[in-house]
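Reader: Could you go through this one with me slowly, please?

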Amino acid sequence: MAAGTVAARRASTPPRTRSPRRLPSVKTVIIAAAAYAIAIIFLLPYVEMIITALRPPNELLERNYLPHHFAWSNLTNMWGPGYGITSSLRISLEVAGGATVVVLLVAIPAAYYTARHYYRGRWLFLLIVLITQMLQPTALIVGIYKEFLGFHLVNTVWSLILVNAGFNLAFTVWIVTAYVASIPIELEEAAMVDGTSRLGAMFRVTLPLAAPGLVTALIFTFIAAWNEFIVALTLTTGSAAMPLTVRLDSFIGQYTVDWQHLFGASVVATIPVVILFALIERRVVGGLTAGSIK
């Protein structure tokens, strides 16, 4: 009986008609086409880099865009001890990761205190911090080398970590100060009323809310330290502390260029940054756009 009732109801219910699919407007099509064209333009150098890394030596100067066969041995041979890619990759990860950790450890307390305490000379402090961004490593390279030479830190990973942390500290202090200042202090006061200390309120309330700013500062510091070349070239006199950016330069000789291994190592150099950005891309976008809409 129940089955018959259900069947009768289904028979009496009119079939659902799908609404006609709306075609995108001309403006949407133009914007999408322009976005895809820009994306292809930005991806073409990476495609060319991968193709060149897989070219056999005898096909390097041919006009064909694709080689007749791909020499996968170019990517496998460069991991041998003669090229030093493995050690340089490890050193680059240590330098970029260490500089990022040092910057966050120093910038978070400085930014928090600057945002929460309106002391005399506060804006002068922030202005001085901003002025340090005008000093490029290239202009200070002689002084930096003499300083680290006096401390016997030349050709060490610590010298690269300290230099990269110093040159990326100002950006992190500014962006974290802006985020902490945008968080109402009443939230911390409410947490302290419930028995949390000021330090606990900072870690449990303020810093989680300022996570987009922290992530933005993290990825920009990591990328800047990862791509740094001039200071690393000056402070590394041997292979013991040679990062990947300096190792790439070693493939360029006076009369010849090892294009296959140069582009193969360049592909390797882009992978960690792509992975890091893919993992925290949403927070980076939120960090860059936060505050634009009030």
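Reader: How many cavities of 30 Å³ or more does the structure hold?
Author: The predicted model holds one cavity of 30 Å³ or more, where a cavity is a set of points, on a 1 Å grid over the protein atoms alone, at which a 1.4 Å probe fits but cannot get out. The largest cavity has a volume of about 50 Å³, a volume being the space filled by probe spheres set on the points.

Reader: Which residues line the largest cavity?
Author: The lining, meaning residues with an atom within 4 Å of a point, includes Ser 92, Leu 160, Asn 164, Trp 226 and Glu 228. The elements giving two or more residues to this lining are α4 (85-116), α7 and α10 (211-227), and helices here are DSSP runs (H or I, at least four residues) numbered from the N terminus.

Reader: OK, new topic: how do α5 and α7 cross?
Author: The axes of α5 (residues 122-131) and α7 (residues 157-182), which are lines fitted to C-alpha atoms over the stretch in contact, come within 8 Å and cross at roughly 140°, on a scale of angles from 0 to 180 degrees between N-to-C directions. The two helices are therefore oblique to each other, because angles under 35 degrees count as roughly parallel, over 145 as roughly antiparallel, 65 to 115 as roughly perpendicular and the rest as oblique.

Reader: And which residues make that contact?
Author: With contact meaning heavy atoms within 4.5 Å, Arg 122, Leu 126, Val 129 and Leu 130 of α5 meet Ala 170, Val 173, Trp 174 and Thr 177 of α7.

Reader: What should I know about the numbering and the model?
Author: Residues are numbered from 1 along each chain as its sequence is written. In this predicted model local features need pLDDT of at least 70, side-chain atom pairs count only at pLDDT 80 or more, and totals for chains, interfaces and linings use all residues, while side-chain values use heavy atoms, leaving out hydrogens and water.

Conventions
On a 1 Å grid over the protein atoms alone, a cavity is a set of points where a 1.4 Å probe fits but cannot get out, and a pocket is an open set with protein on both sides within 12 Å along at least five of seven lines; lining residues have an atom within 4 Å of a point.
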